[in-house]
Amino acid sequence: MVSLTLPPSLTYSRFHCCEDSLGRSRSRHVSSDNGLGVFPEKSPVSGLIPRPRRIILVRHGQSEGNVDESVYTMVPDPEIGLTQKGWKDSEECGRKIRDLIEKDQVDDWKIYFYASPYERTLQTVRGLGKVFERDRIVAVREEPRLREQDFGFRETLRADIDIGRFQPPGQRTENMNLIIVSHGLTLRVFLMRWYKWTVEQFEGLRNFGNGGMLVMQTGSGGRYSLLVHHSIEELRELGLTDAMLTDQNWQKTARPGELNYDCTTSGPSFFTHFK
């Protein structure tokens with residue numbers, strides 16, 4: 001076994017996963033001589049980093065592969081682009097997002113994009129971005145963890161959100177909106193990991209349409225719930241069960257760090273010999 005000795009000057013910071021934290025201030029202390037200060041997430045931060053008001057999941061617009069699956073035999077998957085309808089899908093989704101944000105009636109709102117590096121998702125970002133001014137867009141982050149059918153490391157996106165990667169120093173606002181542009185299956189996996197849904201619950205989910213969006217918005221307690229923006233009927237159409245909807249209703253008022261002890265993913269029904 002190899003023994004690794006770290007230099008005494010290196011100090012560690014701790015952060016809490018956004019939905020599982022205890023709501024404590026996320027301060028980070030890094031010594032000035034270890035070179036890590038160039039990374040935003042390693043820089044000393046005073047106070048609490050605001051969490052985004054909402055996380056908006058967007059499925060890419062209609063692609064050439066959605067129309068003709070034989071395209072996959074001629075064009076590498078990452079290079080398949082949008083159809084003309086797909087471009088229109090993206091711009092229309094961008095207008096819907098802007099309308100949603102403007103209903104907040106605040107002046108300092110911003111948006112930050114996470115995007116799969118595939119051509120159809122990057123083109124979707126360009127379509128979405130056409131309806132926003134330059135000073136509203138903080139950045140676009142190409143994120144390999146969001147690419148098609150590659151399901152590792154999705155949980156670490158939550159850490160990115162918690163440490164405030166989307167909040168540049170000097171531009172922090174409670175009215176930040178994260179927009180995650182990816183693929184149907186990948187977005188379902190993201191939701192599964194975020195809300196700790198079971199495999200059976202995941203398998204009952206359906207993709208939302210090309211150029212469609214699903215909004216995770218903070219409720220009164222600070223947690224993200226799909227029921228803040230969407231109706232029960234909309235979520236049922238996506239495949240959410242009664243148990244999942246009950247949990248989403250709890251999420252509307254719960255605080256970060258609280259656990260829903262009435263929401264179980266297994267239990268007495270698993271052990272069929274119980275009476």
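Of the 31 residues in the largest nonpolar core, the ones touching the most other members are I55, L57, W197, M216, L226 and L240. A nonpolar core here is a set of buried Ala, Val, Leu, Ile, Met, Phe, Trp, Tyr and Cys residues joined through side-chain atoms within 4.5 Å; buried means under 20% relative accessible area, exposed means over 50%, and partly exposed is what lies in between (1.4 Å probe, protein chains only). Two or more residues of this core come from each of β1, β2, α4 (156–163), β4, α5 (184–195), β5 (213–218) and α8 (242–251). Helix α5 gives the largest share, seven residues. Helices (H or I, at least four residues) and strands (E, at least two) are DSSP runs, numbered from the N terminus.

Leaving aside residues up to four places away in sequence, I55 touches I161, L178, I180, W194, L214, V215, M216 and Y224, where a contact means heavy atoms within 4.5 Å. There is also a second, separate core of 19 residues, with I101, F113, F132 and I179 among its members.

A word on the model itself: it is predicted, so local features need pLDDT of at least 70 and side-chain atom pairs count only at pLDDT 80 or more, while totals for chains, interfaces and linings use all residues. Residues are numbered from 1 along each chain as its sequence is written, and side-chain values use heavy atoms, with hydrogens and water left out.

Zooming out, the protein has eight helices and six strands, and along the sequence they follow the pattern β-α-α-β-α-β-α-β-α-α-β-β-α-α. Of its 275 residues, 47% count as buried. Among contacts with a separation of 6 or more, 72% are between residues 24 or more positions apart. The accessible surface comes to about 15000 Å², and carbon and sulfur atoms hold 52% of that; these areas come from the Shrake-Rupley method with a 1.4 Å probe, and for residues only the protein chains shown count as cover.

The six strands form an open sheet in the order β3-β2-β4-β1-β5-β6, with mixed pairing. β3 and β6 (224–225) sit at the edges with a single partner strand each, so one side of each has no neighbour in the sheet. Two strands are taken to pair if DSSP finds at least two bridges between them.

Strand β2 (residues 110–115) is mostly covered, with five of its six residues buried. Six bridges tie β2 to β4 (residues 176–182), and the two run parallel. Along this pairing, K110 stands opposite M176 and F113 stands opposite I179. Five bridges join β2 to β3 (residues 137–142), again in parallel, with I111 opposite I137. Between β2 and β3 the chain passes through helix α3 (residues 119–129), and this β-α-β crossover is right-handed; that is, with the strands pointing away from the viewer, the path from the first strand over the helix to the second runs clockwise.

Helix α3 is largely enclosed by the rest of the structure, because nine of its eleven residues are buried. The buried ones are R120, T121, L122, Q123, T124, V125, G127, L128 and G129. Their cover includes β1 (54–59), α2 (84–102), β2, β3 and β4.

N177 belongs to strand β4. At 0% relative accessibility, N177 counts as buried. Beyond residues up to four places away in sequence, N177 touches R54, I101, W109, K110, I111 and Y112.

In helix α7 (residues 232–237) lies E237, which counts as exposed at 59% relative accessibility. The C-alpha atoms of E237 and R206 are 7.9 Å apart, although 31 residues separate them along the chain. K85, in helix α2, is partly exposed, with a relative accessible area of 46%. For K85 and N210, 125 residues apart along the chain, the C-alpha atoms are separated by 9.8 Å.
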